[in-house]
Amino acid sequence: METLLEVRDLHKSFNVGGTPLAGKRLRLTAVDGVSFTLRRGETLGLVGESGCGKSTTGKAILRLVEPDSGQVLFAGRDLLQFSARSLREERRRMQMIFQDPYSSLNPRQSVAAIIGEPLRIHGLAKGAELQREVLRLLRTVGLGPEHLDRYPHEFSGGQRQRIGIARALAVSPDLIVADEPVSALDLSIQAQIINLLQDVQQQFELSYLFIAHDLSVIEHISDRVAVMYLGRLVELAPATDLYRAPRHPYSEALLNAVPVPDPKLRRQAPRLLGEPPSPITPPPGCHFHPRCPYARDLCREQRPPLADQGGGHLAACHFSSEVGRFRI
Ligand code: SF4
């Protein structure tokens, strides 16, 4: 499959104030050298705990936040070199679906106006054609003409997310960055929205970067999965390989945290030690070492590279061959 998106060594940090008396400025490193590719028609799941930098990575790719450095090659061209005007035109091919569909929809606009807006802005349709197109998009996401004149507050969370998906599809994008699109929804609705995303992916030949904090959510939609911890990718693998045999202790811990119906199995799972460290002062060497049951002296001293494990499986762990001992 053709590569649609290639992210190379992406960095993004934020100034978070400082201690003026000490003359020190504090920087929070949200994205610390992230690299990956996304093929046309593929879904790459990007997973990690809250604050690991996954949403910032998605936004930096679309330049909704400006990266500090790196390259974002979209269909072979580096988006970070684009002028504001060229970027606006290119954005038509890259859309984002947000976690909270309510706050991402203008409460003062009707559904017809919300879905029609990108078509108007990009000059893709007007008049009767615009109305036909809006209705077609609405039907694509499982809504109907009776919803056209309603406002976001009149819909359930799942329906609002359907509207958000219709709006993203309006401009016929190639890439959708879906930032926790089902996290705010009930379990049964989550499954419906994921099925819908899969359906429209086939229909419109979309590529997804699907961001989630939970491996169970992305299991059925992802072709490959990237696991992120404190701004760095720690594992990247075909989904079946990662779920069957993770090669990084953090992925193993995330998999162990996926709910299973047998309570005895839950008790055998080793718990992740403590909370994630601050991204302002991350631990030296492997960022994961204070919480890792496999950690040794080397881990505190040397950062492990994201190394090839074979079969397109990458992991950043000095002792990746031992991982699996604590898998339940
Ligand atoms: Fe754990 Fe060491 Fe591997 Fe880091 S490098 S994940 S601390 S074993």
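Arg63 is placed in the loop between α1 (54-61) and β4 (69-74), where helices (H or I, at least four residues) and strands (E, at least two) are DSSP runs numbered from the N terminus. The model is predicted, and local features need pLDDT of at least 70, side-chain atom pairs count only at pLDDT 80 or more, and totals for chains, interfaces and linings use all residues. Residues are numbered from 1 along each chain as its sequence is written, and side-chain values use heavy atoms, with hydrogens and water left out.

With a relative accessibility of 14%, Arg63 counts as buried; buried means under 20% relative accessible area, exposed over 50%, and partly exposed in between (1.4 Å probe, protein chains only). A polar atom of the Arg63 side chain lies 2.7 Å from the backbone oxygen of Leu79. Such a polar contact is a pair of N or O atoms within 3.5 Å; within protein, one must be able to donate a hydrogen and the other to accept it, and residues adjacent in sequence count only if both atoms are side-chain atoms. Apart from neighbours within four places in sequence, Arg63 is in contact (heavy atoms within 4.5 Å) with Leu79, Leu80, Gln81, Phe82, Leu87 and Arg91.

The backbone of Arg63 has a positive phi of about 60 degrees, although Arg63 is not a glycine. Most residues other than glycine have a negative phi. Glu205, also not a glycine, has a positive phi of about 50 degrees. Glu205 lies in the loop between α6 (187-204) and β8 (207-212) and counts as exposed, at 61% relative accessibility.

In helix α3 (residues 111-121), the buried residues include Val111, Ile114, Ile115, Gly116, Pro118 and Leu119. An α-helix has 3.6 residues a turn, so residues three or four places apart point the same way. The cover over the buried residues of α3 includes α4 (127-140) and α5 (157-169).

Gln95 belongs to strand β6 (residues 94-97) and has a relative accessible area of 16%. Leu233, in strand β10 (residues 232-238), is buried with a relative accessible area of 8%. Beyond four places in sequence, the contacts of Leu233 are Val34, Ser35, Phe36, Leu46, Ala226, Val227, Met228, Leu306 and Ala316. Glu89 lies 144 residues from Leu233 in sequence, and their C-alpha atoms are 30 Å apart.

Glu252 is a residue of helix α9 (residues 249-256) and is buried, with a relative accessible area of 2%. The side chain of Glu252 reaches the backbone nitrogen of Gly324 at 3.0 Å. These two residues are 72 residues apart along the chain, with 7.0 Å between their C-alpha atoms. When neighbours within four places in sequence are left aside, Glu252 is in contact with Pro246, Tyr294, Val323, Gly324, Arg325, Phe326 and Arg327.

Aromatic pairs were counted for rings of Phe, Tyr and Trp (its six-membered ring) with centres within 6.5 Å; planes under 30 degrees apart count as stacked, over 60 as edge-to-face and the rest as tilted. The count by this rule is three aromatic pairs. The pair of Tyr229 and Phe288 is edge-to-face, because the ring centres are 5.0 Å apart and the planes stand at 85 degrees. This pair links distant parts of the chain, 59 residues apart: Tyr229 is in strand β9 (residues 224-229) and Phe288 in the loop between α10 (263-268) and α11 (297-301). Both Tyr229 and Phe288 are buried. Together with Tyr250, Tyr229 and Phe288 form one aromatic cluster.

At another ring, that of Phe319, the charged end of Arg296 sits over the ring, 3.9 Å from its centre. A charge sits over a ring if NZ of Lys or CZ of Arg is within 6 Å of the ring centre and within 35 degrees of the ring normal.

Around the ligand there are 13 residues, of which Cys286, Cys292, Cys299, Cys317 and His318 come nearest; a residue is near a molecule or strand if one of its heavy atoms lies within 4 Å of it. The shell around the ligand divides into ten nonpolar residues, three polar and no charged. Here Ala, Val, Leu, Ile, Met, Phe, Trp, Tyr, Cys and Pro count as nonpolar, Asp, Glu, Lys and Arg as charged, and the others, Gly among them, as polar.
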